[in-house]
Amino acid sequence: MRTRQSPLHAPRTTTTTDTTSPDTTSPDTQGLARLGYEQELHRGVGPFSSFAAGFSFVSILTTVFQLFGLGFGLGGAAFFWAWPLVFGGQLLVALNFAQLAAHWPISGAIFQWSSRLAGSAFGWFTGWTMIIGQILTVAVAAIAVQAVLPAIWNGFQIVGGPGADASLASPTGAANAVVLGLVMLVVTTLVNIVSVRLMARVTSLGVAIEIVGVIVLIGALFFLPQRSAAVVFTTAGSTSTEPYLWAWLASSLMAAYVMVGFDSAGELAEETHNPRKTTPKTIIRALTVSGLGGGLLIIGALVAAPSLTDGKLATQGLAWVITATLGDVFGRLLLCTVAVAVFACTLAVQTAGARMVFSMAREKALPFHRTLSKVSPRTGTPIAASVVVGVGAGLALAVNIGQSAIFTALSSLCIAMLYLAYLGVTGPLLVRRIRNRGRAFEPGVDEDGKPLFDLGRWGIPVNAVAVVFQVGMAVNLIWPRPEIYDLTGHSWWLQYSALLFIGGSLLVGWAYSARRHHAEGPIRLGEVPTTGPTTVPAHAGTPVVDAV
């Protein structure tokens with residue numbers, strides 16, 4: 001098979017003494033070569049680290065803590081039922097992604113998959129949407145630190161001093177969130193550029209701590225009940241004046257925000273050992289573990305909260321439940337695990353965004369592509385791409401200064417863009433299945449010679465329901481609700497900010513892509529077969545970095 005050669009993909013002649021340089025004889029490297037790419041990123045991600053990448057992006061401790069109050073305030077206790085609905089829909093999406101990851105294990109997965117299914121022009125817009133959504137998600141994840149650190153120690157409330165209002169809806173809380181978030185972004189950027197192995201170790205450690213924290217927290221909440229779990233069949237605590245169905249749909253923002261990012265294992269495919277075997281499993285596992293843990297955490301909070309009607313659960317969220325129920329000392333110890341989860345989540349989202357930028361840049365698909373596509377021969381990481389994502393998230397954070405009402409709008413907007421990007425994959429995949437009478441790929445084998453993950457005859461129904469779900473959720477997320485997009489009640493541009501921002505982003509993307517096409521010609525991806533390798537070389541003795 002011919003392998004595309006370009007200045008970006010031609011064999012490198014860089015002299016380096018780094019002993020971790022890619023092994024060209026390993027089956028992973030040879031498998032990537034069959035897809036048309038040279039091994040530039042270092043493979044330092046094992047099965048647990050691959051799972052950790054997706055689980056950290058989802059990060060139920062981070063995201064449930066962030067938006068529990070919003071979801072509960074809108075839908076009351078019954079807002080819980082948005083969780084299984086979103087989980088079921090996203091599981092169908094994850095099953096489709098798992099099949100794609102088995103056949104096309106390439107960095108920048110969403111861009112690569114969409115391009116190979118619908119053409120590089122369509123794939124470019126999918127990747128562009130994904131990059132912007134990921135950058136915004138990094139910013140929103142970093143903001144979550146404000147919901148945790150001041151509750152652990154009021155000295156973390158720097159803006160206005162320890163006695164100031166730490167709520168994200170207040171001017172002092174919003175400004176302090178920017179300060180703490182920027183500090184976190186500096187640290188996550190440094191970890192991302194130092195080494196993929198350091199990133200994998202830090203993420204794995206963070207996930208291990210988060211899982212322990214989730215288990216302990218769920219057990220503690222259920223051990224100290226104030227009411228039965230039947231409370232989820234009531235609307236107790238809802239403060240919305242809208243008809244309940246509309247309030248409940250708005251409350252689903254919380255579940256929609258939590259259950260994204262499971263595809264991050266696919267973003268790290270070029271850094272994962274045995275990606276055809278490992279990545280499909282970790283994509284599904286990251287979502288299912290998060291779905292189960294998050295659902296129990298929500299029920300536990302509703303069962304153990306001292307009150308559902310005094311307004312504190314809607315305004316102070318899970319941090320109040322923990323400290324009020326478990327006491328200051330034990331409660332703050334558990335909040336420390338949440339702080340670790342927030343850090344791991346921010347790191348994972350930034351890592352995924354950097355790989356997306358790198359993947360598009362090496363195809364000459366982004367401005368300054370020569371710089372953004374460079375991989376450090378010493379660290380094996382795309383340094384410039386990591387910095388760009390960190391800086392972009394910092395700029396997105398800065399808009400929260402003086403605009404405390406923008407947080408929920410930013411949260412909904414970033415998730416809406418991720419849903420649109422996901423739809424840019426599952427939509428073309430459904431068309432491909434229908435055209436091929438249900439078959440998306442020819443059968444192939446993984447690195448162990450076993451059949452690749454495949455949905456078989458269930459491909460079309462699973463794919464079709466996933467697309468319907470994604471379209472519905474995208475409309476639900478973008479809908480210009482004032483309770484989500486305009487908490488001030490008088491800023492029309494905030495209420496319609498999702499439509500304006502997404503429309504503006506696509507317009508800017510169209511202008512750049514047209515100019516790029518005129519200067520560079522069409523994007524030509526590596527020549528990719530429609531199936532995995534039918535024969536696999538014996539495993540090389542490359543060490544797997546998967547320690548916690």
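The model is predicted: local features need pLDDT of at least 70, side-chain atom pairs count only at pLDDT 80 or more, and totals for chains, interfaces and linings use all residues. Residues are numbered from 1 along each chain as its sequence is written, and side-chain values use heavy atoms, with hydrogens and water left out.

**Stop 1: α9 and α13**

Select residues 196-223, helix α9, and residues 275-304, helix α13. Helices here are DSSP runs (H or I, at least four residues), numbered from the N terminus; strands are E runs of at least two. The two axes come within 8 Å and cross at roughly 30°. An axis is a line fitted to C-alpha atoms, for helices over the stretch in contact, and angles run from 0 to 180 degrees between N-to-C directions. The crossing of α9 and α13 is left-handed. That word applies if the near helix is turned anticlockwise from the far one by less than a right angle; clockwise makes it right-handed.

Now show the side chains. From α9, the contact uses V214, L217, I218, L221 and F222. From α13 come G293, L296, L297, I299, G300, A301 and A304. Contact means heavy atoms within 4.5 Å. The residues of this contact divide into 10 nonpolar, 2 polar and no charged. Nonpolar covers Ala, Val, Leu, Ile, Met, Phe, Trp, Tyr, Cys and Pro; charged covers Asp, Glu, Lys and Arg; the others, Gly among them, are polar.

**Stop 2: two loop residues**

Select N274, in the loop between α12 (264-267) and α13. Its phi is positive, about 50°, although N274 is not a glycine. Most residues other than glycine have a negative phi. N274 counts as buried, at 18% relative accessibility. Buried means under 20% relative accessible area, exposed over 50%, and partly exposed in between (1.4 Å probe, protein chains only).

Move on to R437, in the loop between α18 (406-435) and α19. R437 is not a glycine either, and has a positive phi of about 55°. Is R437 buried or exposed? R437 is exposed, with a relative accessible area of 80%.

**Stop 3: Q470**

Select Q470 in helix α19, residues 459-478. Q470 is buried, because its relative accessible area is 0%. Which residues touch Q470, leaving aside neighbours within four places in sequence? They are V93, Y419, Y422, L423 and T426.

**Stop 4: α15 and its partners**

Select α5, residues 109-118, and α15, residues 328-361. Their axes come within 8 Å and cross at roughly 45°. So α5 is oblique to α15. Angles under 35 degrees count as roughly parallel, over 145 as roughly antiparallel, 65 to 115 as roughly perpendicular and the rest as oblique. A109, I110, F111 and Q112 of α5 meet M356, S359 and M360 of α15. The tally is 5 nonpolar, 2 polar and no charged.

Q350, G353, A354, R355, V357 and F358 of α15 meet A385, S386, V389 and G390 of α17. This contact divides into 5 nonpolar, 4 polar and 1 charged.

**Stop 5: cysteines**

Select C336: it is partly exposed, at 35% relative accessible area. C414 is buried, at 0%. How many disulfides are there? The count is 0, with a disulfide taken as a pair of cysteine sulfur atoms within 2.5 Å.
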